[in-house]
Amino acid sequence: MQAAEVDFNHLGFSYIETDYRYVARYHDGHWEPGRLIKDAQIRVNEAANIFHYGQGVFEGLKAYRCQDDSVNLFRPGQNAARMQQSCQRLLMPTFPVDEFVAACKAVVKANLDWLPPYQSHGSMYVRPYMIGLNGSLQIHPATDYLFSVFAFPVGAYFKAGFKPVDFVTSDYDRAAPQGTGAYKVGGNYAGSLLPEMLAIKAGYNDCVYLDPATHTKIEEVGSANFFGITPDHTFVTPKSPSILPSVTKRSLLALAGDRFGLKTVEGDVPIDQLATFSEAGACGTAAVIAPIGSITHRGKRHVFYSETEAGPITKKLYDELVGIQYGDRPAPAGWITKVPTV
């Protein structure tokens, strides 16, 4: 497929091979200079650690075309720092923050023809990742690694767009109490495939994961973070050592308090106290914000603001965040990185 063949007004959220990606290799204890290449295929040894012991991490962020045709990259430094934390957890070499940001900018610039126009409400999903290459089939860290960044155009993560979605609690755990839940590693997502499939087969959009120690508190909703809005305008989101620290959630916490005067709380969210919230949502890079219409727990369905439309505060937060990303509203200092277009 060529960029000119893409219908940017009807994009889903699935991989499309674009023209360029960035690659850099770690060998003999240091990172070799990275470069842009056109080949989307990776050739690695059959004994590579990524295949057998899951030594791999990744990130996700987005680029946006603004009304003036400039290009925004949203908070790439936060993703770079989070990837470093993931690498440290899996005993992988860290990739420098400034080089991470430069690589993302280079990939977006090289694939500008694939970046959806402002009017389409689409964006470009940017996927940096790192994998362990060599292996002896003994369980120890690899010595050679690949860091790469690719990107492709996307639309809404959920087919309904900015409409309420329905979730059901899962009996499965997303992560162990002292495991890798706070890090963006592939194994966390492999383990989520079955509970997600079961939820969808049961008629829901995805599942809600409860805390692995007691199964009494909300941790994550699908691959996104949860937030709830109380009637007295408090923005509440779970806090746990096994929750992935979401860049989107941190951004919403700041906007809720600084721009809308909401009280913000990070803490326990008991599953049996859903009636505390008048609105609820799932937030993350892919979904941005998905209003939650209902959560079903042990056969009992709790409906939040509405099953057909987003609550007013959720809508205000969504409009503010998306407005910042597309350059229509002022961004807090350091949130936007401009991508050169010439």
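Helices (H or I, at least four residues) and strands (E, at least two) are DSSP runs, numbered from the N terminus. The model is predicted.

Q: Which element gives the largest share of the lining of the second largest pocket?
A: Strand E5 (61–65), strand E16 (288–297) and helix H7 (312–325) each supply at least two lining residues of the second largest pocket. Among these elements, the largest share is four residues. That share comes from H7.

Q: How many residues line the second largest pocket, and how many of them are charged?
A: The lining of the second largest pocket has 29 residues. His121, Gly155, Ala156, Tyr318 and Tyr326 lie nearest the centre of this pocket. By class, the lining has 17 nonpolar and ten polar residues, and the charged ones number two.

Q: What is the volume of the largest pocket?
A: A pocket is an open set of grid points, whereas a cavity is one from which the probe cannot get out. The second largest pocket holds about 510 Å³ of space. For the largest pocket, the volume is about 660 Å³.

Q: Which residues lie nearest the centre of the largest pocket?
A: The lining of the largest pocket has 35 residues. Its elements with two or more lining residues include strand E7 (123–132), helix H4 (186–190) and helix H6 (247–258). By class, the lining has 18 nonpolar, ten polar and seven charged residues. Nearest the centre lie Tyr157, Lys184, Tyr189, Ser223 and Ala286.

Q: Which element gives the most to the lining of the largest cavity?
A: The search of the whole structure finds two cavities of 30 Å³ or more, and the largest cavity holds about 90 Å³. E5 and H6 each supply at least two residues of the lining of the largest cavity. The top contribution is three residues, and it comes from E5.

Q: How many charged residues are in the lining of the largest cavity?
A: The lining includes Gly60, Leu61, Lys62, Tyr64 and Phe74. Lys counts as charged, and Gly as polar. The lining divides into five nonpolar residues, six polar residues and, for the charged class, one.

Q: Which element gives the most to the lining of the second largest cavity?
A: The second largest cavity has a volume of about 40 Å³. Of its 13 lining residues, Ala280, Pro291, Ile292, Tyr305 and Gly311 are the closest to its centre. E15 and E16 are the elements that give two or more residues to this lining. The most, three residues, comes from E16.

Q: Is Met197 buried, partly exposed or exposed?
A: Met197 lies in helix H5 (residues 193–201). Together with Tyr172, Leu194 and Leu198, Met197 forms a nonpolar surface patch with about 350 Å² of accessible area. Because its relative accessibility is 38%, Met197 counts as partly exposed.

Q: Is Leu146 buried or exposed?
A: Leu146 sits in strand E8 (residues 145–154). Buried means under 20% relative accessible area. The value for Leu146 is 3%, so Leu146 counts as buried.

Q: How far apart in space are Leu146 and Thr216?
A: In sequence, Leu146 and Thr216 are 70 residues apart. The spatial distance runs from C-alpha to C-alpha, and its value is 40 Å.

Q: How many residues apart in sequence are the parts tied together by Asp166 and Arg301?
A: Asp166 and Arg301 form a salt bridge, with the closest N and O atoms 3.5 Å apart. Asp166 lies in strand E9 (residues 165–169) and Arg301 in strand E17 (residues 300–303), so the pair ties together parts whose separation in sequence is 135 residues.

Q: Which residue is linked with Asp166 and Arg301 in a network of salt bridges?
A: Asp166 is buried, at 18% relative accessible area. Arg301 is partly exposed, at 46%. The network of salt bridges links Asp166 and Arg301 with Glu307.

How values were computed. Residues are numbered from 1 along each chain as its sequence is written. This is a predicted model: local features need pLDDT of at least 70, side-chain atom pairs count only at pLDDT 80 or more; totals for chains, interfaces and linings use all residues. Side-chain values use heavy atoms; hydrogens and water are left out. Patches are made of residues with over 30% relative accessible area and no salt bridge: like charges are joined within 9 Å, nonpolar side chains (Val, Leu, Ile, Met, Phe, Trp, Tyr) within 5 Å. Accessible areas come from the Shrake-Rupley method with a 1.4 Å probe; for residues, only the protein chains shown count as cover. A salt bridge is a side-chain nitrogen of Lys or Arg within 4 Å of a carboxyl oxygen of Asp or Glu. Buried means under 20% relative accessible area, exposed over 50%, partly exposed in between (1.4 Å probe, protein chains only). On a 1 Å grid over the protein atoms alone, a cavity is a set of points where a 1.4 Å probe fits but cannot get out, and a pocket is an open set with protein on both sides within 12 Å along at least five of seven lines; lining residues have an atom within 4 Å of a point. Grid points are joined across faces, edges and corners, and a volume is the space filled by probe spheres set on the points.
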